[in-house]
Amino acid sequence: MSTVSFITVDVFTAERFAGNQLAVIPDARGLSEARMQAIATEFGYSEVTFVLPPENPENTARVRIFTPTTEVPFAGHPNVGTAFVLGRQQEIFGRNPGGALRFEEKAGLVEVTLLGSDGIVTGARIVAPQALQIGPAIDAATIAACASLRQDDLIDRNHPPVRISVGLPFSVAEVRDVEALSRARPNVSAFEEANIRYPLAEDSFSLFLYARTRERPGQVRARMFAPLDNVIEDPATGSASAALGAYLVSLLPAADAEVELVIEQGVEMGRRSLITVGVDKRNGTVRKVSVSGDCVSAMRGEIEI
């Protein structure tokens, strides 16, 4: 019986058994798409990544990302965690990893910078592969029903509930305070109705809620629900955080801005995560969005196939 090696890491945290879990298959050669999906379903994490040789030798690797139910074109914490794992290897398909990596993904090329000190990789920064996409607006009743909240728990003084993306789409809404955010619970029936009303070709309806805190204006608290992907709640969602950061900066009146935003997620799950989002806006347009964070190795082993 043959085996394939795996490594699990906790992403967007410097503390083991916090942050968001990720399983990485550093060499997925020989695995069929069906087998990749089966492995991702077996782990039950929000995502599992499968690393393959690049199609273009100028790039580092081809990375495929699977949730328990489907393959997605891009995601934040899988890229940060995969870069952390590969950056700690002596080589990646015969090449030294160096300090900068480039991943081929369905959403496009993902540029990665390894982070660390004294030659030890401790995390990574990734650049979102696509420009900010906005729309459609989502009605507040749908958002409230999906989150088991009242409509007056939502606020729209900065923006209405809306679908946004920098590589993977999310419906995003602001909640009036952290207390209301903590009360949110996903209603699967409401998500199924929302999925019919606001369909997506590449994924199912998912919801990213956030609240601002008076004590830390440069930090927001967030939660993400994707029960139709068998992810009841995600402790850290880099792709949604990147889209939110880009969207909020796009709404600023200044034509030029460089903003860094820290998004705290996973608190209600007991897996606190800290996601740093950097946004560069020039001449009224968001030009670059990056997501960075720490990682910690958790487990390693082999899968019988």
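Trainee: How many cavities of 30 Å³ or more does the structure hold?
Mentor: The structure holds 1 cavity of that size, 30 Å³ or more. Keep in mind that this is a predicted model.

Trainee: How much space lies in the largest cavity?
Mentor: The largest cavity holds about 140 Å³ of space.

Trainee: And which residues lie nearest its centre?
Mentor: E47, T67, L168, F170 and M224 lie nearest the centre of the largest cavity, out of a lining of 20 residues.

Trainee: What kinds of residues are in that lining?
Mentor: The lining of the largest cavity has 8 nonpolar, 8 polar and 4 charged residues.

Trainee: What span should α6 have, and what does it have?
Mentor: With 1.5 Å a residue, the 13 residues of α6 should span 18 Å. The end C-alpha atoms of α6 are 18 Å apart, so the two values agree.

Trainee: New topic, salt bridges. How many does the structure hold?
Mentor: There are 21 salt bridges in the structure. As background, side chains of opposite charge can pair when their charged atoms come close.

Trainee: Give me one. What does R64 form a salt bridge with?
Mentor: One partner of R64 is E33, and their closest N and O atoms are 2.7 Å apart. That pair links distant parts of the chain, with R64 in strand β4 (residues 61-66) and E33 in helix α1 (residues 33-43), 31 residues apart.

Trainee: Is R64 buried or exposed?
Mentor: R64 is buried, because its relative accessible area is 14% and buried means under 20%. E33 has 48%, so it counts as partly exposed.

Trainee: How far apart are the closest N and O atoms in the salt bridge of E71 and R64?
Mentor: For E71 and R64 the closest N and O atoms are 2.8 Å apart. Both E71 and R64 are buried.

Trainee: What about D153? Which side chain does it meet in a salt bridge?
Mentor: The side chain of D153 meets that of R183, at 3.0 Å from N to O. This pair also links distant parts of the chain: D153 lies in the loop between α3 (140-147) and β10 (154-155), and R183 lies in helix α4 (residues 178-183), 30 residues apart.

Trainee: Is D153 buried or exposed?
Mentor: D153 is buried, with a relative accessible area of 1%. R183 is partly exposed, at 37%.

Trainee: Which residues are joined with D153 and R183 into one network?
Mentor: R150, D152, R176 and D177 are in the network with D153 and R183, joined by salt bridges that share partners.

Trainee: Now the backbone. Where is there a cis peptide bond?
Mentor: A cis peptide bond joins G135 and P136, with omega at about 5°. P136 is in strand β9 (residues 133-137). For context, most peptide bonds are trans, and most residues other than glycine have a negative phi.

Trainee: On phi, what value does F93 have?
Mentor: F93 has a positive phi of about 50°, and F93 is not a glycine. F93 sits in the loop between α2 and β6 (100-105). Its relative accessibility is 25%, so F93 counts as partly exposed.

Trainee: And N283, where is it found?
Mentor: N283 is in the loop between β17 (273-282) and β18 (285-304). N283 also has a positive phi, about 55°, although it is not a glycine. N283 is exposed, with a relative accessible area of 64%.

Trainee: Last topic, the whole chain. How many helices and strands does it have?
Mentor: The protein chain has 6 helices and 18 strands. Its radius of gyration is 19 Å, close to the 19 Å that the globule rule gives for 305 residues, so the chain is as compact as a globular protein of that length.

Trainee: What does the C-alpha trace span along its principal axes?
Mentor: The C-alpha trace spans about 55 × 40 × 35 Å.

Trainee: And what share of the chain do buried residues make up?
Mentor: Buried residues make up 54% of the 305 residues.

How values were computed:
Residues are numbered from 1 along each chain as its sequence is written. This is a predicted model: local features need pLDDT of at least 70, side-chain atom pairs count only at pLDDT 80 or more; totals for chains, interfaces and linings use all residues. Side-chain values use heavy atoms; hydrogens and water are left out. A salt bridge is a side-chain nitrogen of Lys or Arg within 4 Å of a carboxyl oxygen of Asp or Glu. Helices (H or I, at least four residues) and strands (E, at least two) are DSSP runs, numbered from the N terminus. Buried means under 20% relative accessible area, exposed over 50%, partly exposed in between (1.4 Å probe, protein chains only). On a 1 Å grid over the protein atoms alone, a cavity is a set of points where a 1.4 Å probe fits but cannot get out, and a pocket is an open set with protein on both sides within 12 Å along at least five of seven lines; lining residues have an atom within 4 Å of a point. Grid points are joined across faces, edges and corners, and a volume is the space filled by probe spheres set on the points. Ala, Val, Leu, Ile, Met, Phe, Trp, Tyr, Cys and Pro count as nonpolar, Asp, Glu, Lys and Arg as charged, and the others, Gly among them, as polar. The expected span of a helix is 1.5 Å times one less than its number of residues. The radius of gyration is taken over C-alpha atoms; the globule rule is 2.2 Å times the number of residues to the power 0.38.
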